[in-house]
Amino acid sequence: MSKKDEKQAQEQEQEQAIFSIEKLYVKDLSLEVPHAPRIFLEATEPEVEMSIATDSQKLEDEFYEVTVTVKVEANLADGRYMFLNEVTQGGIFRLVNIPEDDLNLLLAVACPNILFPYVRETVSAEVSRAGFPPVLLSPINFEAMYHQAQEGNA
């Protein structure tokens with residue numbers, strides 16, 4: 001390969017868009033069962049509520065941290081809760097040569113879509129370990145969440 005070809009290859013590599021997963025991890029995990037063991041003797045169906053939030057931040061140069069936080073709370077009719085589970089799944093992503101509009105979309109949609117199966121499994125496993133039936137989280141439309149947030153900011 002001539003020096004000219006090498007230089008062209010390096011320039012193309014520098015301009016090429018890169019999206020890679022560098023690390024996936026549980027950033028925060030909490031589970032509370034404040035009324036155990038008596039809560040296990042009650043045969044009532046709880047009302048289960050779930051909330052979800054995403055966040056992203058630039059770490060350095062081309063590295064970004066994205067997090068998905070899921071909070072699941074099972075409440076009884078009398079106001080007590082059976083359990084409270086909160087999980088924050090994190091990931092470090094490398095994004096290079098991505099236009100700003102696409103970058104925001106990747107951080108708000110693509111990265112959370114990668115993280116969500118991990119947070120779903122963690123929630124299910126932790127709730128099961130606490131002695132309750134597993135909580136199976138439905139898929140989340142992060143793209144719709146992104147567009148709603150954009151409309152709210154406009």
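Is Glu42 buried, partly exposed or exposed? I looked up the relative accessible area in this predicted model and found 30% for Glu42, which makes the residue partly exposed, because that class lies between the cut-offs of 20% and 50%.

**Entry 1: salt bridges.** I searched the whole structure and noted five salt bridges. In one of them Glu42 is joined to Arg80, with 2.8 Å between the closest N and O atoms; this pair connects distant parts of the chain, since Glu42 sits in the loop between strand 1 and strand 2 while Arg80 sits in the loop between strand 3 and strand 4, 38 residues apart. Arg80, at 25% relative accessibility, is partly exposed. I then found that Arg80 also forms a salt bridge with Asp78, again with the closest N and O atoms 2.8 Å apart, and that Asp78 is exposed at a relative accessible area of 52%. Through shared partners, Glu42, Asp78 and Arg80 therefore belong to one network of salt bridges.

**Entry 2: another pair.** I recorded a salt bridge between Arg94 and Glu62, at 2.6 Å from N to O, which links strand 4, where Arg94 lies, to the loop between strand 2 and strand 3, where Glu62 lies, over 32 residues. Both side chains are partly exposed, Arg94 with a relative accessible area of 25% and Glu62 with 23%.

Entry 3: I traced four strands in an open sheet, ordered 1-4-3-2 and paired in the antiparallel sense. Strand 1 (18–32) and strand 2 are at the edges and have a single partner strand each, so one side of each has no neighbour in the sheet. From one strand to the next I noted an average twist of 15 degrees. Helix 2 (residues 100–129) packs on this sheet and touches strand 1, strand 2, strand 3 and strand 4, its direction making about 145 degrees with that of strand 4.

**Entry 4: strand 3.** I checked burial along strand 3 (residues 63–75) and found ten of its 13 residues buried, so the rest of the structure largely encloses this strand. Strand 3 has 13 antiparallel bridges with strand 2 (residues 47–60), in which Ser51 has Lys71 as its bridge partner, and 13 bridges with strand 4 (residues 81–96), also antiparallel, where Ala74 is partnered by Phe83.

**Entry 5: the turns.** In the hairpin of strand 2 and strand 3, with two residues between the strands, I read a positive phi near 35 degrees for Asp61. The hairpin of strand 3 and strand 4 has five residues between its strands, and there Gly79 has a positive phi of about 100 degrees.

Notes. Residues numbered from 1 in each chain as written. Predicted model: local features only at pLDDT ≥ 70, side-chain atom pairs only at ≥ 80, totals over all residues. Heavy atoms only, no water. Buried < 20%, exposed > 50% of the residue type's maximum accessible area, 1.4 Å probe, protein only. Pairing = 2+ DSSP bridges. Axes fitted to C-alpha atoms, helices over the stretch in contact; angles between N-to-C directions. Contact = heavy atoms within 4.5 Å. Salt bridge = Lys/Arg side-chain N within 4 Å of Asp/Glu carboxyl O.
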